[in-house]
Amino acid sequence: MSPAAGSAAPKGIQQYAATRKGGPFQLTDAPYPEPGPNEICIRNRAVGLNPLDWKNLHHGMMVDSWPEIFGIDTAGVVEVAGKNVQGFKAGDAVISLAGHGGRAGAFQDVTTVPANYACRKPAAWTFEQAASVPICYLTAVACIIKGLGLPLPHLKEPPKEKIPNLDDLASPITPGPFQAQVRSPLLTSVLIVGGSSGVGACAVQLLRDALPHLVIITTNSPAHDKKVMSLGATTCVDRNMKPDQIAKAVRDASPNGKGVDAMIDTVAGAMEGNKEIFNAFREGGPKLYSHVMTGAKLAVPEGVKAATVVGRMAFQTDGGGAAMTRLVDLVESGRFKLPLDIEVVGKGLGVIGGGLEKLRGGVSGTKLVVSL
């Protein structure tokens, strides 16, 4: 292992643990983690807050036992690298997907993750900005490749730096029926439900990079139209309209007014009670529907090919093992911008609980982060 030069690893860390369903959180002491041979320990400098965090807290959505450590987005500095890790060393500033609980959760001083979950922090981004990106970006990658069957060219480009540990991808996803990667026909148009969400704003950029002539239509609040259009959307439709009005507006904005080939649904429960939006599909088209897993089952109309995705599936796609490293190339080539404005809700682990309640109350077009 490679500890920081000239210094010993600290003897212990603090964790911000949810003691039971519904809370409260409690600051607890824990021993300093020992990384596996293909893992790195990251001293967290900023963490992102996500809907999954408060859903885990209040519903135990992905919790096996209590107490538990949440947090799935982090940015910080590598302190220790496992013996097989290449591409990272102590002192490197990184951003990373965190894990689901335990020593892999982000809401603690030090997070331990597989090396391929992380990448170098783009120099232009602060730690707070960087912590707002990983899960949104990876989920967008999975939505496009797994759900739409569309390859992403940036994952195939020659790497500009060492890609860590591609031969030992950790946390493989158990194959399931929802994971089948469709083979996409030539797409001419896509609707992104929730274009101003983190996943939606990432998907807009990735699709624009992959298919420069693609018609990309989004639903979002009009207040976010300028930002979403600047990221590459062709047209924005007001999410506040009635579902049948949204469907008509989408068809009107599609090629020849016939409807879209595919949809990416980034908003939890957006289509429940709003299934008229499915009428925006082009008759005779592929009718591909890629949606983020929420835990709820959604019945889709006959003929619609639905795929449920989670962010970690990005690592299991063709070229996806390098998805995080390739993100740096996208950013530094000017092809990927920060998807959301950020709001720093405070500093220190103790402010995370209040930040999650603010997020639960509703936040639009903004990512909440905590500085550490």
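Reader: What sits over the ring of tryptophan 54?

Author: The charged end of lysine 55 does, 6.0 Å from the ring centre. A charge counts as over a ring if NZ of Lys or CZ of Arg is within 6 Å of the centre and within 35 degrees of the ring normal. This is a predicted model, where local features need pLDDT of at least 70, side-chain atom pairs count only at pLDDT 80 or more, and totals for chains, interfaces and linings use all residues. Residues are numbered from 1 along each chain as its sequence is written, and side-chain values use heavy atoms, without hydrogens and water.

Reader: Which residue lies over the face of phenylalanine 127?

Author: Lysine 121, at 5.1 Å from the ring centre.

Reader: How many aromatic pairs does a search of the whole structure find?

Author: Seven. Rings of Phe, Tyr and Trp (its six-membered ring) pair if their centres lie within 6.5 Å; planes under 30 degrees apart are stacked, over 60 edge-to-face, the rest tilted. One of the pairs is tyrosine 137 with phenylalanine 336. Their centres are 5.9 Å apart and their planes at 80°, so the pair is edge-to-face.

Reader: Why are tyrosine 137 and phenylalanine 336 called buried?

Author: Buried means under 20% relative accessible area, exposed over 50%, partly exposed in between (1.4 Å probe, protein chains only). Tyrosine 137 has 0%. Phenylalanine 336 has 2%. So both are buried.

Reader: Why is the pair of phenylalanine 278 and phenylalanine 281 called stacked?

Author: The ring centres are 6.2 Å apart and the planes at 15°, so this pair is stacked. Phenylalanine 278 and phenylalanine 281 are both buried.
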